[in-house]
Amino acid sequence: MCPLQLKTLLFGAWLLGYVFFLLSIRRMWTGKYVRSPLARSLFLNMVSEDEAAATETQEWYRCGPDLLGESVRPLFVQSHLDSDTKAFLKRSVDKSGWLFTQLYHSFVSTFLSPLVSRTSINGFLGRGSMFVFSPEQFQQLLRVGPEWRSDRLLDLGAGDGAVTGVMGAHFREVYATEVSPPMQWHLQRRNYKLLGIDEWQHTGFQYDVISCLNLLDRCEHPLHLLQDIRLSLVPSTGRLILAAVLPFQPYVEVGGKWQRPKEHIKVQGKTWEEQVTNLSSEVFRKAGFEVEAVTRLPYLCEGDMYNDYYVLDDAVFVLKVSDNTSESA
């Protein structure tokens, strides 16, 4: 056997072993192979749509209003599992069952992960789409109707633009920023106006709404970001839609590795309600904002061959510039 044939045989054996390894792991996480009592409970809940809806409504959207600070309590907006969220979950479950697609994604991710960011890998593969809120939830949070329109939206860290599209239907001009080249390509395909991360603050115009969704804990200078946002909003009527994963654990991805940001925001409190109160009364107030509304929503991401979807706990705020800081630079 020549060296080339031997290398081909070894590569084929490695690839076959890799596939069987992935299949065995997937098998462990399906049906009767779910061994953990908690995991089994979650799996059995997902089998029935009604049971899943009840569990998700209780766990993903639950808030104890009495545990919120007095100033935040009347601003809480109760959200619920709706048809658009259910549709996203169904699509995610369906896609996770595309065996050969998931094997391909896993294989490519293994080789690319040391070279590029996870976001870029997802953009290249066309997977990992996010879901923060539905059109109905967005309108409820802003207290607007389906026909409401405004001029300019800026979505910071827009990813593939799926969430941007939920908001963008209400605006005449939609701008977006994104550092990942594959994700930039997705945004351009959607005809959004792409701005550089050091460009959006210096365009010569201001924005009616700026969205900063799950970005505050993933950027190097979150306090400077809040300051730039405050100065870039239309005076008086401009609003910031800010989503933060709680508990708040800031990290930035650099060269495929996670590290602490250069600028640190400390959020006090152990529960969701305590951290929401601290963000509202301390972090946002010192940055020149006041809360107009807040809700609890699941931050959903399409899954892979191991999980149908991934979920994190989000607090989504509507913020306006404080009156006593609107004139400050």
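**Cores and aromatic pairs in a predicted model**

Residues are numbered from 1 along each chain as its sequence is written, and side-chain values use heavy atoms, with hydrogens and water left out.

The average pLDDT, the predictor's confidence in each residue on a scale from 0 to 100, is 82 for the protein, and 71% of the residues score at least 70. Over residues 25-47 the pLDDT is below 50, although this stretch has 26 contacts in the model beyond near neighbours in sequence.

Back to I229, which is among the residues with the most contacts inside the largest nonpolar core, a core of 38 residues. By nonpolar core I mean a set of buried Ala, Val, Leu, Ile, Met, Phe, Trp, Tyr and Cys residues joined through side-chain atoms within 4.5 Å, and buried means under 20% relative accessible area, exposed over 50%, and partly exposed in between, with a 1.4 Å probe and protein chains only. Elements that each supply at least two residues of this core include β2 (150-156), α10 (222-232) and β10 (309-321), and α11 gives the most, with five residues. A second, separate core has 35 residues, including L153, A158, V245 and A293.

Turning to the rings, the structure holds nine aromatic pairs, counted when the ring centres of Phe, Tyr or Trp (its six-membered ring) lie within 6.5 Å, with planes under 30 degrees apart called stacked, over 60 edge-to-face and the rest tilted. One of them is the tilted pair of F133 and F138, at 5.4 Å centre to centre and 35° between the planes, and both of these residues are buried. Another, F205 with Y207, is edge-to-face, at 5.5 Å and 75°.

How exposed are the two partners, F205 and Y207? F205 counts as partly exposed because its relative accessibility is 26%, whereas Y207, with a relative accessible area of 0%, is buried.

Definitions and conventions. This is a predicted model: local features need pLDDT of at least 70, side-chain atom pairs count only at pLDDT 80 or more; totals for chains, interfaces and linings use all residues. Contact means heavy atoms within 4.5 Å. Helices (H or I, at least four residues) and strands (E, at least two) are DSSP runs, numbered from the N terminus.
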